[in-house]
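Thanks for coming, everyone. Let me put the structure up and walk you through a few parts.

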Amino acid sequence: MSVDPADVLVSQRRWLARRRALPMEPTLRVGVSASFTAQPLETFLGAGLLDAGEEPAFAFADHNRIHQVCFDPDNTLGSVDLAVLLWRIEDMFTAALHRLLAEADNAAADSIVADSAHLGHVVGAFARTFHHPVLVGTPPTIAPLGLDLVDSSVTVDLDRVRAAACAAFLDALADSPARIVDLAAWERSLGLAHVHDPVKWITYRQPYTTRFWAVVGSHLTDAIVREKSPPPKCLVLDADNTLWGGVVGEVGLAGIELSSTFPGIAFQEFQWVLKRLHNRGVLLAVASKNTIDDVLDVFRHHDEMVLSPDDIAAWRVNWSPKSQNIREIAGELNVGEDALVLIDDSESELGEVRACLPRVRCLHVPEEIAELPLLLPTSGLFRNLRVSTEDRQRATMLRSERARKGATAGMTHEQFLASLELTVSYFAVEDQHVGRVTQLINKTNQFNLTTIRRTESDLRALIASGNHLVRGIRVSDRFGDYGLVGVVVLRRVDSSTWDIDTLLLSCRVLGRGLETAFIARIAADAGAAGAHRITARYIPTAKNTVVADLYPRHGFIDRGSGRFDATISAVSPVPPHITITR
């Protein structure tokens, strides 16, 4: 990542102007603890968060107090909404590093690795109990003052120690909700020669150049924004001159450019980028003005293809306007238009989509085709992507849905439901479910009665609360597993009343009576907790009108102003075609 000095100056001026302006109530309080002096970060992280629509405020702990912050955040950081922890091996384990460098002491290397693991356990325990997001850096390149950073006789051994320490730290963090940010990658993006400032380190215990602080601020802003803004769900791909070079309808299967040599290798490497994203849960679709037989011939029979037909979740290969095809793809995959990214080599096609579907993001295939594999990595659209088990299984679930539709064609709706052999597993949400449940809470818009958004830390606090029940459902049928598709948060009002705070279902399971089964089981759960009455509310949005009458249809009385209530016995029962297990 190159940093223009003029951009650095603009960020500094913008943040200083904000500091001089009338005080605003912060929307995000960020606590920072580092093993070094990190106050220069405020300018660039502050400017980035301002651009992202936040009014940030910052609290900095004294340098090299990470353990103390983890053990006592209230007294070291105060009240904050998010914590950032950054550390370097040369600051945290200075004595051991000096022994390693001066005496080639292998025990010192072992000590650094063991202490890194201990730090990981401390940070992990903090992240589990903090109830707010925690972003923690991996240790960057070891660069103690006076070290020749191109002396291989030293740097190779230090890289080995850093790799072992980093692995031990990450292993200790593995089951915690802490978000990982990679300082070493950010150093590489700028170049080590532009990262370190030895004069500032000696003078202020501040190791980095202003340019590198700008890089750190930019990437931390992106990581923080990702907490609230999910990445796109689907890449819509043109075929000719995008997945391969040339027009297959004109040059035939043997004439297209797709190989392990240039220029075909650019398209092949691009397909590997797509394959990696697909394996991380990003859906792929094809929208091409072409003949379907020609396109499928390439997918099925070209020896150099990386993608297979099974990797593609939706096909629109025809001569219709691309915007129409993309609209249909969004409907078929049940995603919003803002969840789609179109990649095309034609500026006119991209322009038509921008005009008709302004919420669809558009990427143009580079004129220099060697740059094609870099198109998505440099876009940043999928940076800091968090992947759940359901994300990885999404394409398989879509294939199962196609099988359902094919096998039940011609049946009545009642016959269709009975044939599915639906089973609902209703369970208490635990730590291993938190990632997927948080994803559902923040992405589900249509079947979502209150649209209350929450972080993983918020959810863990509710699970630990004695006044809330957090439940989920998994659904399966004879064709396959839909995954974790429903969430409810119940809140105790008093000894006889529980309230439905949050109720949502993934839209891909609607129309099967599952909402009725879910509400029946929620009422039973509230009853088992001592309730005789259950209350609920509906907060309308532009997208959730489909559930406006949900509660009246299930035995609840409309009390006006979006409030509803029912006795436990009045709630609609589980439909006969659904089996519920716990």
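Is Asp 525 buried or exposed? Asp 525 is buried, because its relative accessible area is 5%, and buried means under 20%, exposed over 50%, partly exposed in between, with a 1.4 Å probe and protein chains only.

Two words on the source. This is a predicted model, where local features need pLDDT of at least 70, side-chain atom pairs count only at pLDDT 80 or more, and totals for chains, interfaces and linings use all residues. Residues are numbered from 1 along each chain as its sequence is written, and side-chain values use heavy atoms, with hydrogens and water left out.

Back to Asp 525. Asp 525 sits in helix H23, residues 514–528. Helices (H or I, at least four residues) and strands (E, at least two) are DSSP runs, numbered from the N terminus. Leaving aside residues up to four places away in sequence, Asp 525 touches Tyr 426, Leu 469, Arg 471 and Arg 582. Contact here means heavy atoms within 4.5 Å.

Next, the sheet. Which strands form the open sheet, and in what order? There are 5, in the order E8-E7-E6-E9-E10, and the pairing is parallel. E8 and E10 (361–364) are the edge strands, each pairing on one side only. From one strand to the next, the twist averages 20°. Two strands pair if DSSP finds at least two bridges between them. E9, residues 340–344, and E10 pair in the parallel sense over 4 bridges. Asp 344 has His 364 in E10 as its bridge partner.

H13 touches E6 (234–237), E7 (283–289) and E9, and its direction makes about 150° with that of E6. H15 touches E6, E7, E8 and E9, and its direction makes about 155° with that of E8. For these angles, axes are lines fitted to C-alpha atoms, for helices over the stretch in contact, and angles run from 0 to 180 degrees between N-to-C directions.

A salt bridge is a side-chain nitrogen of Lys or Arg within 4 Å of a carboxyl oxygen of Asp or Glu. How many are there in the whole structure? The search finds 27.

Take Lys 275 and Asp 311. Their side chains meet in a salt bridge, 2.8 Å from N to O. Lys 275 lies in H13 (residues 264–279) and Asp 311 in the loop between H14 (292–301) and E8 (312–318), so the pair ties together parts that are 36 residues apart in sequence. Lys 275 counts as buried at 19% relative accessibility. Asp 311 is buried too, at 7%.

Now H15. Arg 316 forms a salt bridge with Glu 328, with the closest N and O atoms 2.9 Å apart. Arg 316 is in E8 and Glu 328 in H15 (residues 322–333), 12 residues apart. Arg 316 is buried, with a relative accessible area of 16%. Glu 328, at 34%, is partly exposed.

One more pair. Arg 179 forms a salt bridge with Glu 456, the closest N and O atoms being 3.7 Å apart. This pair links distant parts of the chain: Arg 179 is in strand E5 (residues 179–182), Glu 456 in helix H22 (residues 456–464), and they are 277 residues apart. Arg 179 and Glu 456 are both buried. A network of salt bridges links Arg 179, Asp 431, Glu 456 and Arg 460.

That's the tour.
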